[in-house]
Amino acid sequence: MSGDLTVAKIVFLVIAAASPLAAVVATLPLAFSLGAGSATPAMYLTAGIILLCFSVGYAAMSRKVVGAGGLYAYVAAGLGPIPAVAAGFVALLAYNALAVMLIATFSYFSQMVFAALGLTLPWPAYAAFAILCTGYLGYRRIDLSAKILAILITAELAILGLVDLVLVGNFGRDAFPVSAFDFTGLGQSALGLGLMFAFTSFLGFEAAALYGEESRNPRRTVPLATYVSVAVVSIFYGVTSWVTVGAIGPDSVRSEATEKLGDLFLDLTTQYLGQHVTDVMTLLLLTSLFATLLACHNSTNRLAYALGRDGVLPRALGRVHPKHASPALASLFQSAINIIVISAFAVAGLDPYLTLSVSMSGLGTLGLVLLQATTAFAVVGFFRKRPDRHWWRTTAAPLLGGAGLTTAAVLIVVHYPSLTGVDNAVVNALPLTLACVAVIGVFYALWLQRYRPSIYTEIGNITDSSAFEAHHTNIGAQTK
């Protein structure tokens, strides 16, 4: 694949996956209502610190392991092929679940917004538009996606920044109440849910490694892009949640959020900036969801490409387009999955938000948090006997990050109905799907070890610069 991605382009790809505007509008009110209430800014700070610890080990690993498989390749290098195949299958399920969820959510809100403007179309029409656009952009060079995402992400960060500035201008120092960091009176459940919602808002930040083979000097760009992405997202979540608490009032924010939910931030924007700005924010919410979908699509097809190249999935998925230097067949594979799942729900006449979006969001969230936790421990395993190991970068920091992410995974499992927002036994039993997929991955890897040893030994084998360069040369030769 091509190697044209700069730090800035990867940052836009990663921040798009985290979807700051959608997280503020949709997730922040839930954190206020069900989680830590006025102490929510402290939850974002805590999650940001844990993820920065994870990023320290992640950065150290990215300088040694370069591959489109991202965290799957890191698990292979640190824990071996068997856990890697299990992690790869879990990651593939999680990314696909999130992609389907984003299509459903985009379709649902698009139908609402355009119906208010007089255009009445069924939600599958907007889903088809989303699948077509992401499929086309995923088929082309990654540079095209990066340029589009740069515009969309700049717009949504700009409007969030504008709201923050206006609120600070209106409330001054009162916009930053000290009580936002006071845990007194909060029970274990509220703290746990608050931390859980904070972690879900960061989903997608780990995607930088997936673009290693397409970046300039990946051993520098991937870790730097990761640090910048986590820092930017942490600052925006922390500041926005803090000034929101200040504007509404620490004593009122939980009740206000419970009453208004998704309208909380929009109503606040209308009150202090006017309806026109809220209308723009509503449209940007749609572009934010599309940007997140596009980033998720790119992440998923690169994972499928890596699994196909290693022989874990059909080899055809591991080929690059001769002109666009993109994982084109993997992109089409991802689009086909989207079409099948969305079509099945549409034919069944089910609600895209209450059924499809809700069921897939929790599944994808838990899967990625588990993958991140596993990767943190894989970093320790990879450097354990290497002479370049470091007490902080390759041991203490990833262990702290892994412990925090494991805690987040446990919290998500314990409070899974709160994450999905429904009391449906089938939906809330979906975490078992991840366990089943992981077990299938383990047995499949054992089968490969016995009956396809040549494939088994290839799994995640790009672990140094010479191997990477040789493999990249082979990929180039295949496309000619």
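Leu71, Tyr72, Ala73, Tyr74, Val75, Ala76 and Gly78 are the buried residues of helix H4. The model is a predicted one. H4 spans residues 71-79 and is mostly covered, with seven of its nine residues buried. The cover over these buried residues includes H3, H5, H9, H12 and H14. After H4 comes Gly80, which has a positive phi, near 110°.

One of the helices that cover H4 is H14, and H14 (residues 352-383) contains Gln372. Gln372 has a relative accessible area of 2% and is therefore buried, since the cut-off for buried is under 20%. Leaving aside residues up to four places away in sequence, Gln372 touches Leu51, Phe54, Leu71, Leu203, Phe205, Glu206 and Leu405. Among these contacts of Gln372 is Leu71, which is one of the buried residues of H4.

## Helix H11

Helix H11 covers residues 264-273, and its buried residues are Leu264, Phe265, Leu266, Leu268, Thr269 and Leu273. Several helices take part in covering them, including H2 (20-34), H7 (142-171), H9 (218-248), H10 (253-260) and H12 (275-309). Just after H11, Gly274 has a positive phi of about 100°.

H2 packs against H10 at an angle of about 125°, and the two axes are 7 Å apart. H2 is therefore oblique to H10. The crossing of these two helices is left-handed. On the H2 side the contact is made by Pro29, Phe32, Ser33 and Leu34, and on the H10 side by Val253, Arg254, Ala257 and Thr258. Sorted by class, the contact of H2 with H10 has five nonpolar, two polar and one charged residues.

H2 also packs against H7, where the axes come within 8 Å and cross at roughly 50°. H2 and H7 are therefore oblique to each other as well. Pro20, Leu21 and Val24 of H2 meet Glu156, Leu157 and Leu160 of H7 in this contact. By class, the contact of H2 with H7 has five nonpolar, no polar and one charged residues.

Ser38 sits in the loop between H2 and helix H3 (40-62). At 17% relative accessibility Ser38 counts as buried, because the cut-off is under 20%. Ser38 and Pro250 are 212 residues apart along the chain, yet their C-alpha atoms are separated by 5.1 Å. Not counting residues up to four places away in sequence, Ser38 touches Ser179, Ala180, Val245, Pro250 and Val253. Val253 is also one of the H10 residues in the contact with H2.

Arg140 is found in the loop between H6 and H7. With a relative accessible area of 29%, Arg140 is partly exposed. Arg140 and Ile103 are 37 residues apart in sequence and lie 20 Å apart in space, C-alpha to C-alpha. Again leaving out residues up to four places away in sequence, Arg140 touches His324 and Ser326.

## Aromatic pairs

A pair of aromatic rings is described by how far apart the centres are and by the angle of the planes. With ring centres required to lie within 6.5 Å, the count in this model comes to 17 aromatic pairs. Phe114 and Tyr126 form a stacked pair, 5.8 Å centre to centre with 15° between the planes. Phe114 lies in helix H5 (residues 81-116) and Tyr126 in helix H6 (residues 123-139), so this pair ties together parts that are twelve residues apart in sequence. Phe114 is partly exposed, with a relative accessible area of 27%, whereas Tyr126 is buried, with a relative accessible area of 7%.

In the pair of Phe382 and Phe383, the ring centres are 5.0 Å apart and the planes stand at 85°, so this pair is edge-to-face. Both Phe382 and Phe383 are buried. Elsewhere, one aromatic cluster is formed by Phe89, Tyr444, Trp447 and Tyr451.

Technical notes: Residues are numbered from 1 along each chain as its sequence is written. This is a predicted model: local features need pLDDT of at least 70, side-chain atom pairs count only at pLDDT 80 or more; totals for chains, interfaces and linings use all residues. Side-chain values use heavy atoms; hydrogens and water are left out. Buried means under 20% relative accessible area, exposed over 50%, partly exposed in between (1.4 Å probe, protein chains only). Helices (H or I, at least four residues) and strands (E, at least two) are DSSP runs, numbered from the N terminus. Contact means heavy atoms within 4.5 Å. Axes are lines fitted to C-alpha atoms, for helices over the stretch in contact, and angles run from 0 to 180 degrees between N-to-C directions. Angles under 35 degrees count as roughly parallel, over 145 as roughly antiparallel, 65 to 115 as roughly perpendicular and the rest as oblique. A crossing is left-handed if the near helix is turned anticlockwise from the far one by less than a right angle, and right-handed if clockwise. Ala, Val, Leu, Ile, Met, Phe, Trp, Tyr, Cys and Pro count as nonpolar, Asp, Glu, Lys and Arg as charged, and the others, Gly among them, as polar. Rings of Phe, Tyr and Trp (its six-membered ring) pair if their centres lie within 6.5 Å; planes under 30 degrees apart count as stacked, over 60 as edge-to-face and the rest as tilted.
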